[in-house]
Amino acid sequence: MAFFTSCLLLLGGLLLVRLVQLLIVVRRSQRATDVTPRTKPACTMIVMGSGGHTAEMLRIVERLDSDRYSPRQYIIASADKTSVVKVIESEIRRQPDPAQQTYEIITITRSREVHQSYISSVATTLMALINCVPIVLKARPELVLTNGPGTCVPVCLVAFLARLLFLNTKCRIVFIESFCRVNSLSLSGHILQYIVDMFVVQWPELIQQTTATRDDVRCFGRL
């Protein structure tokens, strides 16, 4: 029994050390200005929301170089049929030939419905988290791109945990706060700002919201 307890304590200690080391690496990568150009395409996982989140994200994705960010995997809540249609339309405009299209649509359980209470959303978020584990581990994305819908929280957490456990050390997470967030961060932003590799806001007022935890927030005009 004592040996088993010692092993657990040792494992817990190693995980804690790895967590601290990874958070330091993440913070350093946030400040990095000299980025080595990639020689191969990056498998990109794009988390879609509904309504405005989808419209904003599609504008961002349309600016991505198809050859550099490929294949593209769109994560969409299972009940969000509108986003599925919008993504397909966007990808057809990018590449009309189905034989040359390099994207995939993956549906997951919605972590939180609109106006759902935070307390009840804990259970649904846990379900979505479990749902995301095989998806993220199978896809092994090198880039996770999101603009803050509730669906992104379990995806980003699983991606971070995979990196923590050396299951996918190449993955990087970029969080772009929605344009509609002018004076306060979204709940997703509050949760994920500690673990993402790049945190982008679109209004200077939001920089003050993150100063307590980060000093490297990027602020751009409307994307």
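Me: Leaving aside neighbours within four places in sequence, what is V144 in contact with?
Reply: V144 is in contact with M45, V47, V155, C156, A159, C171, R172, I173 and V174. Contact means heavy atoms within 4.5 Å. This is a predicted model, where local features need pLDDT of at least 70, side-chain atom pairs count only at pLDDT 80 or more, and totals for chains, interfaces and linings use all residues. Residues are numbered from 1 along each chain as its sequence is written, and side-chain values use heavy atoms, with hydrogens and water left out.

Me: Which residues touch the most other members of the largest nonpolar core?
Reply: M45, V144, V155 and L192, out of 30 residues in that core. A nonpolar core is a set of buried Ala, Val, Leu, Ile, Met, Phe, Trp, Tyr and Cys residues joined through side-chain atoms within 4.5 Å. Buried means under 20% relative accessible area, exposed over 50%, and partly exposed in between (1.4 Å probe, protein chains only).

Me: And which helix gives the most to this core?
Reply: Helix 5, with 8 residues. Helices (H or I, at least four residues) and strands (E, at least two) are DSSP runs, numbered from the N terminus.

Me: New topic: which residues of helix 3 are buried?
Reply: S83, V87, S90 and E91. They sit on the same side of helix 3 because they cover an arc of only 95° around the axis, taking the directions from the helix axis to the C-beta atoms.

Me: What covers them?
Reply: The cover includes helix 2 (52-61), strand 2 (72-77) and strand 3.

Me: Which exposed residues are on the face turned away?
Reply: That face of helix 3 carries K81, T82 and R93.
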